Each structure stands twice: as C-alpha cells, then as structure tokens.
Amino acid sequence: MKALVNTKYGSPDVLQLKEIEKREPRDTEVVVKVHASSVNAAEWHYLRGMPLVFRLASGLLEPRIKILGADMAGRVEAVGKNVTLFRPGDEVFGDLAGVGFGAFAEYIHVSENVLVTKPKNLSFEEAAAVPVAAVTALQGLRDKGQIRSGQKVLINGASGGVGTFAIQIAKSFGAEVTAVTSTRNLGMARHIGADHVIDYSQEDFTQNGQRYDLILAANGYHPISAYKHSLRPGGIYVVTGGSTAQMFEAMFLGPWVFMTGGKKQGNLTAKPNKKDLSFVKELLESGKVVPVIDRCYPFSETPEAIRYLEAGHAQGKIVIVMVDRGQKEKVFTHIDESKK
Ligand SMILES: NC(=O)c1ccc[n+]([C@@H]2O[C@H](COP(=O)([O-])OP(=O)(O)OC[C@H]3O[C@@H](n4cnc5c(N)ncnc54)[C@H](OP(=O)(O)O)[C@@H]3O)[C@@H](O)[C@H]2O)c1
C-alpha cells in the first residue's frame, strides 16, 4: 500500500510517497481503506518539529511519527476476530491523533474505539474535514468555555477550520455569535450562521466597546489584556490556537493576568474521543453544522496542501482525496436554513 512517509524534520518536501507493507488486522484491529483525510496545523508542526520545544514530545533528532494524518474517512475493509462494532463495508470517520496518526496512507489499522460511523448525509471528503477541527471547537466552547444559550460569544479567527465549526456549534448551543474575519470571509461567516461579523482589517474588536461572555481565540493575535478587557464580568477567554505569541502569553502570562477581576482563561489541548465525535455527528446529521471546505487536493499533492494551510489563510478545511470522486471546490452551499 502507498503511504506518505516523513523520516526527517523539514518542509513538506521531505514527505515521500512510499510502498509499505499492508498486513492483516490483529484481533482487535479494524483495517480501513482511507477515502479522504484533511490537513490540520498539527501536521506542519510535527513535520517541521517547530516550535523546537515541540520536539520534546515529537522526537528530539528525528520524528517519532512517520506517517502523519489525523483526520480520516473511509470504508472498513477487514476486521480482527475480537472486533464487534464494525463490519467490512461500513463507512467510518475518526481522529487518529491520539493513536499515532497515519491517515496519509491508503489503509490504516486502528482500534474500533477511535472510529465512528460516518454521518449518512456527508461524503467521505466532507466527513474527513470534521474530526480534529470540530471536536476542538466543541471542547473549546462547551468544556473550557462553558457556553450557554443566550450568551454573547465572539470567535476570533472564525474563517479557518476550527473557526467555521465554532460559529456553527456556538449557534447550536443558542449563543449570539460574532465572527471576526478578513473582508473576503465576512459573507461566508454570515452564511454559516454568524449573527454579527467584524472585519479585522477595518476594526479592532477589542477597542469597539462591546463585551462578550465567551471569546474563543482560534487565530490571529491580540494582547491578553485586550481579550480580558473585552469580556463581560464572569466572562471566559478560551485559547485554542493563534499566533505563537498568543499561545505563549496565554500559557505564561494568563494565570497572572486573570488572577484578578472575576474573569477566566482556559487553554485548550483538544482530546480526541469517540463520544465528542458522535456528538458532532448528530449536529451534522441534523443539518445544524456543515463542514466548510476550501479545497480538495489529490493524495499525491499533500505537500502542497500542507503548504497552503501553513500560509494561514485557508477558508475552512483543506481535504486530501485518496479515492477521487471529482469533488474539488468549496462546499458550504447546501446549508439547510430551516434547520438553523
Ligand atoms: N488546541 C488544540 O488542541 C488545537 C487543535 C486544532 C487546532 N489548533 C490550533 O487552532 C488554530 C486554528 O486552526 P485552524 O485549523 O482553524 O487554522 P486555519 O484553518 O489555518 O486558520 C486559517 C484562518 O485563520 C484566519 N486568520 C488568519 N489571521 C487572522 C487574524 N489575524 N485574525 C482573524 N483571523 C485570521 C484566516 O482568515 P483570513 O484569510 O481571512 O485572514 C483563515 O481563514 C491553529 O493555531 C491550530 O494550531 C489547536
């Protein structure tokens, strides 16, 4: 079987398409033919081993993980004798980040505990866009942000993978959502449910006098004191991503800045799990959430897809297609308004 292998740290050019062994499943394993995957920031962090502190976990001199790819959608091809939840032919999706990655390959061997039945109304490409970004948005809003109906929620970096899910998931919880994007993404943010939009190239939301119950920072940068200032009393600032400066400020300054004033900060490291992905699956099947896909790349062009994401201006998710069905362009036009 073919796999994209990275044996040293470097740019996406170090990825090599290689022929590797395809073995029979162990007793507790499921073999899935991968139809589609998608790219997340984790891929280029692992690929480059950057920031350097990252290598404490990913391998000091060379990467421990040799086949990247967390998001996956595909069809079960074979199952080990102790597998009870799936059968050959089942359509599944999942997040492999907690079990060593590996989706940038024609087949994966995984435990049934990381797989969820693919939403009926989604293609493989759409399903592969979901797991990491949507579960990150869910855990940021619900677990760290304690989101409640009627709250005013602001999403900074609302037009990327995490942000597009965050807008829709926050709406599904009954929040009044403000999305911060650049000019070209304002329409898309409204289309997927944002009640208010702010163009970050025209307006600094931390200076406009508005206050929010919950701010989810998915991308961009503002000083941590500015985020705190933009929260209502009792408000929560959740950091899921953004510039390196933002992440370091949140880690090292955050506990001091938020020590007073009755507001809180939560730093999220998303934890892949089947229960949360199943929760997201229900939102997808009910039409309350749809994946927003910027582009689909063929498997052989995965390095190009990673470069595109790394440039920082993807509009939604970047999908890798292993089994080509001809879907190439943006997908967000089929939102069912009646279900919003
Ligand atoms: N905590 C976790 O466990 C976890 C899990 C997954 C991801 N993450 C992190 O979450 C972050 C977001 O991931 P992602 O997949 O959504 O990233 P992404 O898809 O690469 O985000 C790209 C989007 O960010 C927008 N953006 C860029 N600069 C901005 C700015 N200054 N203000 C507002 N928006 C801006 C871009 O819009 P324009 O083109 O319009 O500028 C683009 O739509 C990353 O830092 C990633 O590392 C964390």
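## Ligand contacts

An oxygen atom of the ligand lies 3.0 Å from a polar backbone atom of Gly-161, a polar contact in the sense of a pair of N or O atoms within 3.5 Å (within protein, one must be able to donate a hydrogen and the other to accept it, and residues adjacent in sequence count only if both atoms are side-chain atoms). Side chains contribute as well: an N or O atom of Arg-184 is 3.2 Å from a ligand oxygen, and an N or O atom in the side chain of His-313 is 2.7 Å from a ligand oxygen. Taken alone, the ligand exposes 930 Å², of which the protein buries 85%, with accessible areas from the Shrake-Rupley method and a 1.4 Å probe (for residues, only the protein chains shown count as cover).

## Basis of the values

The model is predicted, and local features need pLDDT of at least 70, side-chain atom pairs count only at pLDDT 80 or more, and totals for chains, interfaces and linings use all residues. Residues are numbered from 1 along each chain as its sequence is written, and side-chain values use heavy atoms, with hydrogens and water left out.

## Helix packing

Helix 4 (residues 131–144) and helix 9 (residues 274–285) pack at about 95° with their axes 10 Å apart, the axes being lines fitted to C-alpha atoms over the stretch in contact and the angles running from 0 to 180 degrees between N-to-C directions. Helices here are DSSP runs (H or I, at least four residues) and strands are runs of E of at least two, numbered from the N terminus. Helix 4 is therefore roughly perpendicular to helix 9, a term covering angles of 65 to 115 degrees. Their contact (heavy atoms within 4.5 Å) includes Leu-138 and Arg-142 of helix 4 and Phe-279 of helix 9, and its residues divide into seven nonpolar, one polar and three charged.

## Backbone geometry

Most residues other than glycine have a negative phi, and most peptide bonds are trans. The peptide bond from Met-50 to Pro-51 is cis, with omega near -10°, and Pro-51 lies in the loop between helix 1 and helix 2. Phe-101, although not a glycine, has a positive phi of about 60°, and this residue is found in the loop between strand 5 and strand 6.

Note on methods:
Parallel < 35°, antiparallel > 145°, perpendicular 65-115°, else oblique. Nonpolar A, V, L, I, M, F, W, Y, C, P; charged D, E, K, R; others polar.
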